[in-house]
Amino acid sequence: MKLSMMSSPYKHSQKSVTRMMVMVGVAALPGIAVQSYFFGTGVLIQLALALACVSAFEAAMLALRGRKVWPTLQDGSAWLTGLLLAISIPPLAPWWIVVIGCFFAIVFVKQLYGGLGFNLFNPAMAAYVLLLVSFPVQMTAWLPANELMATHLSLIDELSVIFTNYTQAGFSLEQLRTNVDGITMATPLDTLKTDVAHGLTVTESMANPIFTEHAGLGWQWVNAAYLLGGLVLLQQRVINWHIPVAMLSALAACASLGYILDSGNQPGLAFHMLSGATMLGAFFIATDPVSASTTNRGRLIYGALIGVTVYLIRSFGGYPDAVAFAVLLMNMAVPLIDHYTQPRTYGHGAKS
């Protein structure tokens, strides 16, 4: 056992790892419910599959490492990784997408680094980026909101698409993405980026039925629900305010400045705040206590850099959403940020 010496004062926290993981999962329930309402029960199917996969892979790795399985598994960290990955991928993505993602997150990103507390990167986001880069077609096959779909799916149909790629009536996922007007739908962020690249203005692009007045149809309510869950986490002091406030403030500042300078090609503040994984990223992903900065000043810098990076990639990069990339890039910068933001040792410099 290595004895780590820390400077005083010492303050004991009553919050166990298990309790914190459970509270984060419970806080995500409103967002999961709204996401399922707008985009189908495929969200719940992927969630169940992911939870089963991370449990199996975590147990297998613990057994191989000679560790006790159940005491470690019940801390909930693997289940939270599965939850975050499941709600980040398209609801009707093939089953093997979830399996590969969970395997990479648990085995390579978490356990091979030593388990909980030793991983350098957020496991769910590392797995998401691996899947997005390796399987871009499957990872960008989001369905439009239910009310825009030409074919409404039952639970059996969604299970059939996930495990066989076709509904019971023989419709493929690509056919399901075609809305009632015969147009293949993409996510609002992807649609806007593509339209602007083809010379349309933001106003012209947002005339598409996939958008509402402020953001994408369904997505604004999904983000609002994750915001609600995030506020609960702040109120319960499960997470600190520094990272989400810094991230959202930086993103808001960049979005406002971009809109002022080029309103024809840049969407407004509300669009950035209520699109994609903005609120999920700010409250549930960037705040990962293992891979995020550990000092208060460092958290402010870390969160702000994530917000700026999200805006830059959304506006000028090749991917429509950027939360996962931004978080992983800043995970790499955490040691440097923490090094230069260490607080003064208690009592240091005091006059005798």
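Contact here means heavy atoms within 4.5 Å. With that cut-off applied to this predicted model, residues 24 or more positions apart account for 73% of the contacts in the protein with a separation of 6 or more. Along the principal axes, the C-alpha trace spans about 75 × 50 × 30 Å.

Seen from the surface, the protein exposes about 17,100 Å², of which carbon and sulfur atoms supply 65%. Of the 352 residues, 51% are buried.

What does the interior look like? The largest nonpolar core has 91 residues, and those that touch the most other members are Leu84, Tyr128, Tyr226, Phe284, Tyr302 and Ile306. Helix α18, residues 323-340, contributes the largest share of this core, with 9 residues. Another core, of 9 residues, lies apart from it and includes Leu92, Ala141, Val161 and Leu173. Returning to isoleucine 306, and leaving aside its neighbours within four places in sequence, one finds it in contact with Met247, Ala286, Ala326, Val327 and Met330.

Val161, named above as a member of the separate core, belongs to helix α9, residues 155-164, where Asp157, Glu158, Ser160, Val161 and Ile162 are buried. An α-helix has 3.6 residues a turn, so residues three or four places apart point the same way. Against which helices do the buried residues of α9 pack? Their partners are α3 (42-64), α6 (95-110) and α10 (173-176). Just after α9, asparagine 165 takes a positive phi of about 80 degrees.

A last stop is threonine 191, whose place is in helix α11, residues 188-197. Is this threonine 191 buried or exposed? Threonine 191 counts as buried because its relative accessibility is 11%, and the cut-off for that class is under 20%. Not counting residues up to four places away in sequence, threonine 191 touches Ala186, Ser205, Asn208, Ile210 and Phe211.

Technical notes. Residues are numbered from 1 along each chain as its sequence is written. This is a predicted model: local features need pLDDT of at least 70, side-chain atom pairs count only at pLDDT 80 or more; totals for chains, interfaces and linings use all residues. Side-chain values use heavy atoms; hydrogens and water are left out. Buried means under 20% relative accessible area, exposed over 50%, partly exposed in between (1.4 Å probe, protein chains only). Helices (H or I, at least four residues) and strands (E, at least two) are DSSP runs, numbered from the N terminus. A nonpolar core is a set of buried Ala, Val, Leu, Ile, Met, Phe, Trp, Tyr and Cys residues joined through side-chain atoms within 4.5 Å. Accessible areas come from the Shrake-Rupley method with a 1.4 Å probe; for residues, only the protein chains shown count as cover.
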